[in-house]
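Subject: Structure handover

Hello,

Here is the structure I promised to pass on. Please open it beside this email and follow along.

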Amino acid sequence: MGTNIHIQNKIVLITGGTGGIGKQTALALAKMGARVIVTGRNKPNGEAAVSELKQLSGNQQIDLLTADLSTQTGLAAPERQLTEDRIESNFAVNVITPFMLTHLLMDRLKSSSSARVVTLTGGEHPAKIEVDNLQAERSFMGLNTYSHAKLIMMAVMYEFAQRMQGTNVTINVCYPGQASTRMTQSVTPQMAPFILRLLWPLFKLATRADGGQSAAKASRSSVYLASSTEVEGINGKYFDTNSKMVNWPMPVLDPSTRQHLWVMVEKLSRISYTKD
């Protein structure tokens with residue numbers, strides 16, 4: 001991996017930075033000298049996390065931004081539920097939120113000499129994007145619905161990256177791998193695909209609380225994409241758990257599907273994005 005001078009004195013906003021992979025990402029980047037802002041809905045818990053991050057990193061430039069992004073990043077809902085905007089919760093958190101946040105920050109990002117957007121995917125990517133079941137209108141299948149939403153997010157952010165070509169803003173996606181987080185610990189057998197139910201004891205063993213060790217390991221790819229000089233100017237790429245550039249899932253590469261998703265996301269977020 002390259003050196004980490006890119007991140008020194010840079011401002012980094014991390015959603016879900018008060019726990020799990022987000023918190024470990026915040027810690028690693030703070031240790032590198034970045035000014036870190038983490039989001040959280042619960043102010044007391046967020047302040048406690050920021051205090052701990054400052055102590056562990058030795059960096060006092062860590063702030064809390066109290067914000068409601070519908071729920072914690074990486075939501076995996078146990079049943080179909082709608083947000084107050086009448087959007088299915090998995091779709092709202094994992095698709096709409098990254099799009100909206102990137103759009104709302106775009107002027108700030110463009111004012112930087114070099115800006116990076118890093119989005120985390122997750123789950124087991126399905127073989128196709130079901131355009132007639134984007135918000136689980138036909139069927140809700142727990143973790144499968146979560147994985148579907150993450151795949152949709154990848155397609156939307158891939159399309160966003162294409163629109164960033166020729167600018168100072170890069171958009172990339174990474175897969176962190178499995179980690180013990182509040183989300184994985186909250187998964188129930190009813191939310192899991194059939195094959196995972198058969199392996200349920202092993203899954204629970206792999207996701208038991210471990211003091212953040214697995215989350216720290218899972219944060220390596222996002223830390224790399226945020227900090228390494230090796231990826232300066234790299235845009236529209238997908239990276240695996242080892243921070244290696246790999247092929248996008250095939251459904252992401254279908255331009256007609258991406259265009260359909262882009263129009264829908266603009267409509268649902270009430271945003272009409274233009275490059276200039």
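Start with helix H3. Its buried residues are Ser-89, Asn-90, Phe-91, Ala-92, Val-93, Asn-94, Val-95, Ile-96, Thr-97, Pro-98, Phe-99 and Thr-102. Buried means under 20% relative accessible area, exposed means over 50%, and partly exposed lies in between (1.4 Å probe, protein chains only). That makes 12 of the 16 residues in H3 buried, and the helix is mostly covered.

What do the buried residues of H3 pack against? They pack against helix H4 (106–111), S4, helix H5 (143–163), S5 and helix H11 (255–269). H3 itself spans residues 89–104 and bends by about 40° at Ile-96. A proline, Pro-98, follows within four residues. The bend at a residue is the angle between axes fitted to the seven residues ending there and the seven starting there.

A word on the ground rules. This is a predicted model, with residues numbered from 1 along each chain as its sequence is written. Local features need pLDDT of at least 70, side-chain atom pairs count only at pLDDT 80 or more, totals for chains, interfaces and linings use all residues, and side-chain values use heavy atoms, with hydrogens and water left out.

Now the whole chain. It has 11 helices and 7 strands. Helices (H or I, at least four residues) and strands (E, at least two) are DSSP runs, numbered from the N terminus. Of the 276 residues, 49% are buried. The chain exposes about 13,700 Å², and carbon and sulfur atoms supply 52% of that area. Accessible areas come from the Shrake-Rupley method with a 1.4 Å probe; for residues, only the protein chains shown count as cover. Take the contacts with a separation of 6 or more: 73% of them join residues 24 or more positions apart. A contact means heavy atoms within 4.5 Å.

Next, the strands. Strands of a sheet pair through backbone hydrogen bonds, either parallel or antiparallel. Two strands count as paired if DSSP finds at least two bridges between them.

Look at strand S2 (residues 35–40). Here 5 of the 6 residues are buried, so S2 is largely enclosed by the rest of the structure. S2 pairs with strand S1 (residues 11–14) in the parallel sense, over 4 bridges. Leu-13 has Ile-37 in S2 as its bridge partner. Between S1 and S2 the chain passes through helix H1 (residues 20–31), and this β-α-β crossover is right-handed. Right-handed means that, with the strands pointing away from the viewer, the path from the first strand over the helix to the second runs clockwise.

S2 also runs parallel to strand S3 (residues 62–66), joined by 5 bridges. There, Ile-37 stands opposite Asp-63 in S3. From S2 the chain reaches S3 through helix H2 (residues 43–57), and this β-α-β crossover is right-handed.

Another set of strands forms an open sheet. Its 4 strands have the order S4-S5-S6-S7, with mixed pairing. Strand S4 (115–120) and strand S7 (245–246) stand at the edges. Each has a single partner strand, so one side of each is left without a neighbour in the sheet. S4 pairs with strand S5 (residues 169–174) in the parallel sense, over 6 bridges. Ala-115 stands opposite Val-169 in S5.

Last, the salt bridges. How many does the structure hold? It holds 7. A salt bridge is a side-chain nitrogen of Lys or Arg within 4 Å of a carboxyl oxygen of Asp or Glu.

- Glu-52 and Lys-23: their closest N and O atoms are 2.5 Å apart. Glu-52 is in helix H2 and Lys-23 in helix H1, 29 residues apart. Glu-52 is partly exposed at 34% relative accessible area, whereas Lys-23 is buried at 16%.
- Asp-63 and Arg-35: these side chains meet at 3.6 Å, N to O. Asp-63 lies in strand S3 and Arg-35 in strand S2, so the pair ties together parts 28 residues apart in sequence. Asp-63 is partly exposed at 32%, and Arg-35 is partly exposed at 34%.
- Arg-163 and Glu-159: the closest N and O atoms are 3.2 Å apart. The two are 4 residues apart in helix H5, or about one helical turn. Arg-163 is partly exposed at 23%, whereas Glu-159 is buried at 10%.
- Glu-130, Asp-132 and Arg-138: a network of salt bridges links them.

Best wishes
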